[in-house]
Amino acid sequence: MSEQAPQREITNMTPYLSAAIEDEVPGPPLSSSSGSIGDKIYGAITFLASLTIFVIIIWIASSLGWQSLPVFKQFGFSYITGSVWDDGQKQFGILPYIFGTLYSSFIALLIAVPISLGTAIFLSEMAPPWIRTPVTFLVELLAAIPSVVYGLWGIFVLLPFLRQYVMEPIGASPLGKFPLFSGFTAGPSMLAAGVILAIMILPFITAVSRDILRAIPRAQREASYGLGSTKWEAISQVVLPFARSGIIGAVILGLGRAFGETMAVTMVIGNQSPQTPSGVSFSLFEPGYTMSSALANKFTEASAGLNTAALVGIGFILFFVAIIVNILARTLVYYTARDVQGGK
Amino acid sequence: MNANAIKLAAIAAFGLVGASAANAQTIQGAGATFPAPLYQRWAQEFGRETNIRVNYQAIGSGGGIKNITARAVDFGASDGPMNPTELASAPGVLHIPMVAGAVAVAYNVPGVPQGIKLTGPVVADIYLGKITTWNDPQITGLNPGVNFPNARIVPCFRADSSGTTAIFTNYLAKVSASFQGGPGEGKSIRWPVGFGGKGNDGVSALLRQNRGAIGYVEVAYANKNKLTYAHIKNAKGNFIEPSLESATAAAEGAKLPSDFRAFITNSMAPQAYPITGFTWILIYPDAKPEVKKFLTWALTTGQKSAPALEYAPLPEAVRTRALKAIGQ
């Protein structure tokens with residue numbers, strides 16, 4: 001009797017645990033009676049639906065590529081590496097815009113990821129319900145604010161605040177000598193764009209990360225506590241590694257939104273390429289320009305021909321930058337997910 | 001079921017007939033946003049008088065040019081004249097001036113009152129980054145008695161391409177050789193210094209937010225937003241405040257080519273405000289009679305409703321010539 005009891009426990013636990021870890025949706029039974037016509041129609045409809053997305057993406061990419069062909073023919077690779085955009089001189093280089101998009105999104109992630117993760121962990125692991133419900137509601141509210149409202153708030157509240165309490169004190173201190181903080185502290189800047197983007201992507205990363213943390217099986221936490229770990233150990237060594245790939249997915253979702261965000265960024269970034277020969281400046285206080293802002297600003301009045309082709313080209317490159325970043329992220333998710341599975 | 005289908009078909013057919021009947025009396029226009037409030041007011045008044053419906057969409061000057069070139073609309077509208085390349089693809093298109101507007105040089109300098117005096121070359125040097133502080137002798141020299149702070153000048157410009165920028169840079173290029181040779185003129189140029197705002201709203205937000213800012217906006221917009229703006233020295237040496245009267249005066253004093261396709265900046269009239277431009281309607285000579293009727297009405301009766309909406313009416317001489325061009 002005394003020997004059997006622990007043994008039974010183990011045999012009962014193991015399938016439960018492994019089922020929880022390999023959280024896979026069971027596929028259709030192999031030997032089903034798939035002769036019915038309803039199944040076939042249903043299959044065809046879902047297949048067509050999935051095909052639609054594929055067709056739309058190919059359609060967008062090919063028409064963007066086709067319409068921007070003249071500018072690639074004329075400028076070749078210097079369209080991407082050039083630093084000067086001058087409608088009058090018919091000179092089109094978009095490096096400052098590509099850089100602006102990547103750099104402002106990077107700043108946004110740097111600010112938003114720690115805050116979002118902290119919020120998500122607090123909400124899912126520690127907060128008592130009377131805090132959890134209103135905070136969750138507020139986070140979701142933040143996601144529902146239209147971006148033009150963020151832009152207006154950025155102009156009238158964030159810019160003066162940053163200028164008075166961040167940019168001017170840093171500019172006046174010895175830190176102002178660093179290239180990172182060089183430039184005239186007027187307000188519209190890469191920093192302002194990064195901060196407004198961070199605020200905008202915060203709810204997305206927080207909400208998705210929280211859902212992922214909550215989806216982690218209770219047994220994982222209980223097993224960890226059962227082994228005598230503290231709350232902090234359970235979160236940092238069991239819960240977070242388990243959720244890692246999902247959290248990276250959440251960050252990528254936020255990054256995608258930061259890439260495409262137009263209105264709010266246009267209103268606070270200053271819309272002026274850095275005045276360096278390369279058109280690239282890492283200074284947080286200098287104004288900048290992103291790809292989507294350039295499109296928004298220049299498209300309505302663009303004259304037909306090369307000018308329009310150059311603008312469509314920005315859309316095409318933005319499409320590609322997004323695809324490349326997505327592929328990198330997928331790879332990252334794939335490898336981290338494999339680590340977790342390997343470590344079980 | 002059957003009766004319903006017949007009813008539906010009848011309704012649809014009736015609807016189609018109704019739509020095509022209305023079509024004969026509707027004219028479509030598209031283009032510049034700056035004159036849109038006036039054109040929409042005109043459409044209302046003209047519609048009441050004549051039963052011809054005018055449908056104007058404010059999609060931007062570039063869009064107006066594209067649409068009239070493709071003959072997708074009955075008339076286009078633009079704040080800047082079409083360039084030679086655009087003209088080549090729309091042979092025979094006519095530029096009809098409708099009203100004039102002044103571009104104010106607005107600023108936000110604490111302690112400095114409305115109406116300081118500036119000259120074109122000084123404004124050009126500010127936008128070239130050559131004059132960088134408000135107490136520069138070139139500014140204080142023009143304004144004895146005004147106490148300028150030692151504040152940095154923050155030049156602000158339109159980030160989106162616009163007719164306002166075209167008028168402003170055309171003037172700067174006329175009065176400053178280094179501006180002409182450097183950034184040049186156009187609806188959207190490469191500014192060597194400063195910050196870009198999207199639209200008149202964007203520039204005026206930058207102006208209000210930044211001590212030491214200087215920017216250019218339509219004078220109607222500057223008045224609405226209570227911005228302080230400068231008096232600019234004109235070609236005759238007088239410092240002139242931007243207003244409806246000084247904009248009309250500028251149109252009077254400008255030498256206009258036969259196709260009206262010219263900027264009227266730096267006008268020679270003694271009371272002219274130098275940074276002034278027309279806004280044009282673009283039509284083909286074979287336009288529908290309804291379109292010509294509308295434009296004729298706009299250049300006569302319609303001019304009376306312009307000042308109330310802060311647009312400067314055309315001077316008599318220009319109106320006569322424009323009417324003649326429509327009549328051809």
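Predicted model: local features only at pLDDT ≥ 70, side-chain atom pairs only at ≥ 80, totals over all residues.

Residues are numbered from 1 along each chain as its sequence is written, with chains lettered from A and ligands numbered from 1 in the order in which they are written.

Helices here are DSSP runs of H or I, at least four residues, numbered from the N terminus. Helix α8 of chain A covers residues 190-215, and its axis comes within 8 Å of that of α10(A), at roughly 150 degrees. Axes are lines fitted to C-alpha atoms over the stretch in contact, with angles from 0 to 180 degrees between N-to-C directions. The pair is therefore roughly antiparallel, a label for angles over 145 degrees.

On the α8(A) side the contact includes A:L197, A:F204 and A:L213, and on the α10(A) side A:V239, A:G246 and A:R257; contact means C-beta atoms, placed from the backbone, within 7 Å. The residues divide into 15 nonpolar, three polar and one charged. Nonpolar is Ala, Val, Leu, Ile, Met, Phe, Trp, Tyr, Cys and Pro; charged is Asp, Glu, Lys and Arg; the others, Gly among them, are polar.

Next, α9(A), residues 218-226, packs with α10(A), residues 231-260, at about 155 degrees, axes 10 Å apart. That makes α9(A) roughly antiparallel to α10(A). Their crossing is right-handed.

Notes
Helix = DSSP H or I, 4+ residues; strand = E, 2+ residues; numbered from the N terminus. Parallel < 35°, antiparallel > 145°, perpendicular 65-115°, else oblique. Left-handed = near helix turned anticlockwise from the far one by under 90°. Contact = placed C-beta atoms within 7 Å.
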